[in-house]
Amino acid sequence: AVGVAVSLANDKLDWVKTARLKRIKAALHQHRLVLLEQKFAQNAIKVGVIYAKSGQKKESAMLANTKGSAEFNDFLGFMGDFVRLKGWKKYAGGLDTENNLTGTHSICTTFEDIEVMFHVSTLLPTPPDDPQCISKKLHIGNDVIVIIWLDDYSAKFKPESLVSKFNHVYIIIQPAESKDLTRSYVRVTVCTKYGVETADPKFPPGTIFERNGMFRQLLLAKIINSEKLAYQSEGFSAMTENIRYQNLFNLYQEYFLKKPTLQQPISRVAGGSSMFTRSLSKKFTHNG
């Protein structure tokens with residue numbers, strides 16, 4: 001954290017150029033430094049999941065679905081555990097765990113010590129007075145990675161059909177036809193915003209996978225690596241630098257200048273903020 005503080009402050013704070021580094025001895029501030037680094041360690045992520053019936057192309061229609069097909073529900077069970085949100089003590093990805101305000105259940109899993117909480121469109125509440133599904137977009141619209149499940153074998157998904165400055169990678173999954181009725185296959189296509197590098201493992205557009213344990217590992221690795229690379233893109237890296245700078249500056253004021261800070265520590269992701277996303281490209285490319 002000290003090295004990061006110097007790197008950021010050299011550009012932004014005049015006092016660092018003449019100041020000497022001092023060791024922080026207060027246990028409280030040491031703990032806050034550790035917590036700050038943990039926020040950037042990405043040990044937990046949230047992922048959107050949108051279900052689209054055959055023929056659905058508009059965002060509002062897809063988000064309005066309250067139930068999924070049998071194949072979609074099987075896919076959810078394949079990806080993670082069906083958990084009750086009320087009383088949930090682990091990573092919740094912003095979902096309410098006290099009053100069922102964001103639904104009663106969700107899907108979650110852990111992969112290589114990283115907790116993954118899915119924001120599933122059919123499990124989030126669909127209020128009758130919310131035809132545009134704004135309440136669902138508050139979660140899925142602020143997810144960096146979104147899985148799109150298309151029920152139709154031959155349907156095509158257009159990234160432009162979803163309006164979000166925060167979504168950076170769409171992973172489109174749909175059933176794949178097969179003569180082997182004893183196994184399940186899916187077709188996968190990945191779209192990323194321009195400026196975001198393609199993450200490993202590579203999925204050539206339209207690749208067909210057997211839905212088995214190996215595919216699950218590949219898909220989860222793809223999701224986690226894609227999020228990491230998205231945060232390294234121009235808009236996200238600038239935001240991350242600003243967040244880290246503000247938190248470190250707050251600590252400096254409190255510990256060295258003995259000035260209380262009114263601003264609360266900023267989280268790693270300022271969900272939904274357009275401060276930095278306005279400058280990002282809205283265009284997507286199919287790149288695997």
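This is a predicted model: local features need pLDDT of at least 70, side-chain atom pairs count only at pLDDT 80 or more; totals for chains, interfaces and linings use all residues.

Student: Which residues make the contact?

Tutor: On α4 they are Phe75, Phe78 and Met79, and on α6 they are Phe215, Arg216, Leu219 and Leu220.

Student: How many aromatic pairs does the structure hold?

Tutor: Eight. One of them joins Phe157 and Tyr170.

Student: What makes the pair of Phe157 and Tyr170 edge-to-face?

Tutor: Ring centres have to lie within 6.5 Å to pair, and planes over 60 degrees apart count as edge-to-face. For Phe157 and Tyr170 the centres are 5.5 Å apart and the planes 80 degrees apart.

Student: Where do Phe157 and Tyr170 sit in the chain?

Tutor: Phe157 is in the loop between β5 (145-150) and β6 (169-175), while Tyr170 is in strand β6, 13 residues apart.

Student: Are Phe157 and Tyr170 buried or exposed?

Tutor: Buried means under 20% relative accessible area. Phe157 has 11%, so it is buried, and Tyr170, at 0%, counts as buried too.

Student: Which residues form the aromatic cluster?

Tutor: Tyr51, Phe72, Phe75, Phe78, Trp149, Phe203, Phe209 and Phe215 form one cluster. Phe75, Phe78 and Phe215 also turned up in the helix contact.

Student: How do you know that the charged end of Arg211 sits over the ring of Phe78?

Tutor: The charge must be within 6 Å of the ring centre and within 35 degrees of the ring normal. Arg211 is 5.3 Å from the centre of the Phe78 ring, and its charged end is listed as sitting over that ring. Likewise, Lys222 lies over the face of Phe203, 5.4 Å from the ring centre.

**Backbone and loops**

Student: What is the peptide bond from Asp200 to Pro201?

Tutor: That bond is cis, with omega near -5 degrees. Pro201 is in the loop between β7 and β8.

Student: Where is Gly206, and what does Gly206 touch?

Tutor: Gly206 is in the loop between β7 (185-193) and β8 (207-210). Leaving out residues up to four places away in sequence, Gly206 touches Arg187, Val188 and Thr189. The C-alpha atoms of Gly206 and Arg187 are 5.5 Å apart, although 19 residues separate them along the chain.

Student: Why is Gly206 called partly exposed?

Tutor: Partly exposed falls between under 20% (buried) and over 50% (exposed). Gly206 has a relative accessible area of 27%, so it is partly exposed.

Student: What is phi of Asp113 near, and what is phi of Cys133 near?

Tutor: Phi is near 70 degrees for Asp113 and near 55 degrees for Cys133. Each is a positive value in a residue other than glycine. Asp113 lies in the loop between β3 (105-111) and β4 (114-120), and Cys133 is in the loop between β4 and α5 (134-140).

Student: What makes Gln174 buried?

Tutor: Its relative accessible area is 6%, under the 20% limit, so Gln174 is buried. Gln174 is in strand β6 and its contacts include Leu150, Tyr153, Val186 and Arg187.

Terms used. Residues are numbered from 1 along each chain as its sequence is written. Side-chain values use heavy atoms; hydrogens and water are left out. Helices (H or I, at least four residues) and strands (E, at least two) are DSSP runs, numbered from the N terminus. Buried means under 20% relative accessible area, exposed over 50%, partly exposed in between (1.4 Å probe, protein chains only). Contact means heavy atoms within 4.5 Å. Rings of Phe, Tyr and Trp (its six-membered ring) pair if their centres lie within 6.5 Å; planes under 30 degrees apart count as stacked, over 60 as edge-to-face and the rest as tilted.
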